[in-house]
Amino acid sequence: MNYKKDEVTNLLNTKCMNVFGCSIDDATEKQAYKTLCYVVKDLLAEKRSKFAKQYKEKEGKQVYYMSMEFLVGTSLRNNLYNLGMESVFKSALKQKKIDINSLYAMEPDAGLGNGGLGRLASCYMDAMTSLGMMGTGFSIRYEFGIFKQKIVDGWQMEFPDNWLEMGDVWLNRREDESFIIKFGGTLKEEWTDGKLKVTHENYQPVMAVPYDMYISGYDTDAVNKLVLWSAKSPNNLDMTAFSRGEYVRSLEENTMAEVISKILYPADDHIEGKRLRIKQQYLLVSASLQSILLKHIKKYKTLDNLPDKVAIHINDTHPALCVPELTRILIDEYGYDWDKAWDIVTRTLTYTNHTVMSEALERWPESLFSAELPRIYQIVLEINRRLVQKLNEVYPGDIAKIEYMSPVAHGEVRMANLCLAACHKVNGVSKLHSDILINSIFKDYYNIEPDKFTNVTNGIAYRRWLCQSNPELASLIKNLIGDKFVHDATALEGLLKYKGDKNVLESLQKIKLVKKQALAKYISHANGINVDPSSIFDVQIKRLHEYKRQLLNVLQILHMYNVIKDNPNADITPRTFVFAAKASAGYMMAKQIIRLISAVADLVDSDAAVRDKIKVVFIEDYKVSLAEIIIPAAEISEQISIAGKEASGTGNMKLMINGAVTLGTLDGANVEICEQVGKDNIFLFGMTAPEVEELWRKGYNPNFFVTPELKRVLDMLTSGILGTRFEDISKSLLTNSFGTADAYMTIADFESYRQAQERVGKEYLNRDKFTDMSLVNIAKAGIFSADRAVKEYADNIWNIKL
Ligand code: KOT
């Protein structure tokens with residue numbers, strides 16, 4: 001958009017006057033921040049209206065991306081960057097003696113997600129918009145997003161995240177487009193004219209009120225929307241109950257309804273089968289589908305062509321209720337018969353799986369499911385009945401297999417099977433992960449319908465993660481190869497011709513140092529620790545989960561500690577180990593691991609012989625905006641999950657494009673990172689996924705893998721040297737009474753990891769060689785752009801022509 005400085009000043013003044021009754025000169029900092037956001041929102045609204053009009057005329061196909069999570073992060077800088085208006089706003093504000101950076105700093109993260117899955121959804125909204133697609137995200141307007149984390153004496157504490165206080169500037173409430181969602185109640189069945197009519201009675205109605213958030217894209221005419229549903233009691237106060245003296249019960253019902261959108265469930269890669277959670281899921285699904293269908297019917301006067309005009313994407317199984325709910329609406333509200341309705345459902349819905357962890361596979365007790373959603377339950381039973389009938393023809397008599405594939409069995413409704421039965425495309429999120437899906441957990445479905453399954457390797461909104469978070473690096477790249485890469489990330493390959501170019505390597509080193517200094521400043525402020533920007537910055541930033549093996553990293557640090565204690569002159573390249581991670585509130589082992597990291601940090605820091613060689617920092621409250629500070633400063637990217645468990649990872653891609661070299665296992669997208677950069681530009685270690693499988697088959701006893709060095713480290717866990725005795729962690733690694741010890745093979749991979757870390761230390765000493773590796777990583781990161789991933793979705797899954 002083309003605005004001059006004076007025009008921008010006018011916009012700011014007018015808006016400030018309208019909202020706060022003062023000119024921007026007299027505004028408080030908070031008022032200035034809100035004014036700026038409102039002005040940007042207005043610009044997006046104007047663009048959106050043009051885009052929607054154009055689109056309406058074209059009658060193209062569009063995507064609805066259903067996700068219980070969108071980890072949006074901050075929007076202000078992103079929107080200004082995308083609109084190409086950062087510098088004009090900066091100078092307009094500067095003239096008013098307002099530093100735009102201080103306004104950026106006031107914006108809270110919209111933390112409506114836990115980790116990878118939610119951030120991916122946001123990266124894809126960015127890419128869809130940048131590609132000019134019409135794509136709408138649907139989720140929930142949680143009043144409290146992912147909790148704020150504080151570390152108190154090494155222990156994680158959770159605090160509510162009241163993001164709306166300053167974050168609601170981006171939301172537009174559209175009360176008049178609300179829908180009623182029905183919970184509980186009973187069903188009445190009547191036969192009229194040979195047709196069964198089901199009426200849902202005595203239900204508790206809840207109103208779903210939409211709030212729109214505009215999503216901008218880079219250099220595009222498109223502006224998309226993320227629609228967030230909020231639960232509200234349909235009658236503010238039931239006055240009849242009030243007059244009957246039952247006002248307490250009436251108020252109770254109000255809060256019961258509103259509690260549905262109160263808070264995000266803070267569990268990553270595992271699920272909690274709670275009543276409130278299924279209500280959240282149904283609220284999202286039912287409200288979104290009602291709104292999609294209403295809009296469609298207004299435009300086309302029929303739903304027969306729904307699959308030609310609409311793709312509805314299910315982001316993991318959390319919105320899997322789309323399957324029965326879409327069937328229900330078509331049958332109950334639009335009068336379709338079963339076969340026609342099912343045909344539309346199957347041709348409209350698609351599904352992405354994001355994990356193979358069994359504790360993350362969603363299943364609901366039939367009793368809870370049927371009580372909360374009686375009509376939906378009835379439809380699920382019918383889907384199940386018809387499927388079992390079909391499977392009986394394919395696998396006659398193979399009861400075990402049919403049961404394994406059924407959406408309803410053993411008193412449970414299994415959401416993945418519901419998606420597999422209904423969606424016409426199913427994908428995993430990296431090559432390895434998609435292979436594991438078709439070769440193991442989804443094998444039986446794959447065997448019947450192989451064409452249904454495909455892979456789309458994850459991608460990132462690299463303009464946020466590179467251009468906005470690391471403008472210094474982006475500007476160097478522009479100077480070297482031009483700015484094509486801002487539209488087409490694969491153009492980064494042009495950097496390869498600077499391999500070995502002394503000047504370029506020196507520039508890269510200088511930029512890295514600047515970003516390390518910035519992170520050091522943050523750490524000094526947040527943790528009160530001074531870290532040395534000339535040491536290697538080695539980072540592991542991601543949710544805390546045993547399979548991700550932060551523990552492996554800590555054990556190796558303890559080993560390094562021992563090496564230095566044994567020989568204070570040992571040849572150790574100084575290293576700063578940075579951790580940041582949230583643990584699910586109820587995940588005790590994860591919380592213990594955080595405590596262990598803190599204890600190791602203290603141990604290392606209290607020892608004069610060690611503290612100049614290694615530092616350990618746990619930065620609290622990991623979130624998108626913190627990642628934007630850490631990632632540009634990273635030199636080593638720890639991606640050390642047990643092979644076969646990390647579906648893809650996306651932090652690995654963000655770190656790579658900022659020049660960090662991966663130290664990792666051949667897991668998730670690390671496999672493809674390795675393919676891109678070649679074995680010389682990555683530090684690989686550990687067992688491969690088939691080797692892990694093989695070791696399980698043979699029988700794994702961690703005790704056989706304990707080397708003398710590791711024994712010494714393991715003893716430290718319980719010796720008292722760390723202050724606390726970490727008995728639970730030690731037991732989880734070694735006690736093998738039920739064959740459950742060391743479920744993530746930390747011990748089996750330790751020696752190989754230790755050696756890889758030794759290589760890192762050595763190779764870093766040859767700074768130019770290391771920077772060359774870094775350069776190759778940047779150059780080869782283009783394929784991991786969300787633009788590429790979304791194009792693949794459009795081509796292979798949604799059937800949308802771009
Ligand atoms: C959480 C609960 C149930 C099912 C799946 C999840 C889940 C998976 N949450 N995050 N993930 C991650 O998704 C990312 C995006 O695809 C992956 O890169 C990452 O490996 C998953 O762990």
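Helices here are DSSP runs of at least four residues, numbered from the N terminus. By that rule, Lys 654 lies in helix H27, which covers residues 651-657. The model is a predicted one.

**The annotated lysine**
- In an unreviewed entry, UniProt lists Lys 654 under "modified residue: N6-(pyridoxal phosphate)lysine".
- Lys 654 counts as buried because 29 other C-beta atoms lie within 10 Å, and the cut-off for a buried residue is 20 or more.
- Leaving aside residues up to four places away in sequence, Lys 654 touches Ile 460, Trp 465 and Ile 631.

**Packing of helices H30 and H31**
- Helix H30 (residues 708-719) packs against helix H31 (residues 727-734) at an angle of about 145 degrees, and their axes are 8 Å apart.
- On the H30 side the contact is made by Leu 714, Leu 717 and Thr 718, while H31 contributes Glu 727, Ile 729, Ser 730, Leu 733 and Leu 734.
- Sorted by class, this contact of H30 with H31 has 5 nonpolar, 2 polar and 1 charged residues.

**The nonpolar core**
- In soluble globular proteins, nonpolar side chains tend to be buried together.
- The largest nonpolar core has 243 residues, of which Leu 283, Cys 322 and Cys 419 touch the most other members.
- Leu 283 is in contact with Ile 140, Ile 181, Val 206, Ala 208, Trp 229, Ala 231 and Ile 260, not counting residues up to four places away in sequence.

**Loop residues with positive phi**
- Asp 316 has a phi near 55 degrees, a positive value in a residue other than glycine.
- The loop that holds Asp 316 runs between strand E13 (310-315) and helix H12 (322-333).
- Asp 316 is buried because 26 other C-beta atoms lie within 10 Å.
- Arg 549, likewise not a glycine, has a positive phi of about 60 degrees.
- Arg 549 is placed in the loop between strand E20 (536-541) and helix H23 (550-566).
- Arg 549 counts as buried because it has 26 C-beta neighbours inside 10 Å.

**Positions separated in sequence**
- Tyr 351 belongs to strand E14 (residues 349-352) and counts as buried, with 28 C-beta neighbours inside 10 Å.
- Between Tyr 351 and Leu 480 there are 129 residues of sequence separation and 41 Å in space, C-alpha to C-alpha.
- Asp 26 lies in the loop between helix H1 (5-20) and helix H2 (29-58).
- Asp 26 is exposed because 12 other C-beta atoms lie within 10 Å, and a residue is exposed at 12 or fewer.
- The C-alpha atoms of Asp 26 and Gln 156 are separated by 41 Å, and the two residues are 130 residues apart along the chain.
- Lys 197 is in strand E10 (residues 195-201) and is exposed, with 11 other C-beta atoms within 10 Å.
- Lys 197 and Ile 331 are 134 residues apart in sequence, yet 9.6 Å apart in space, C-alpha to C-alpha.
- Residues up to four places away in sequence aside, Lys 197 touches Glu 190 and Thr 192.

Technical notes. Residues numbered from 1 in each chain as written. Predicted model: local features only at pLDDT ≥ 70, side-chain atom pairs only at ≥ 80, totals over all residues. UniProt positions renumbered as here; feature names shortened; annotations may be inferred. Helix = DSSP H or I, 4+ residues; strand = E, 2+ residues; numbered from the N terminus. Contact = placed C-beta atoms within 7 Å. Axes fitted to C-alpha atoms, helices over the stretch in contact; angles between N-to-C directions. Nonpolar A, V, L, I, M, F, W, Y, C, P; charged D, E, K, R; others polar. Core = buried A, V, L, I, M, F, W, Y, C linked by C-beta atoms within 7 Å.
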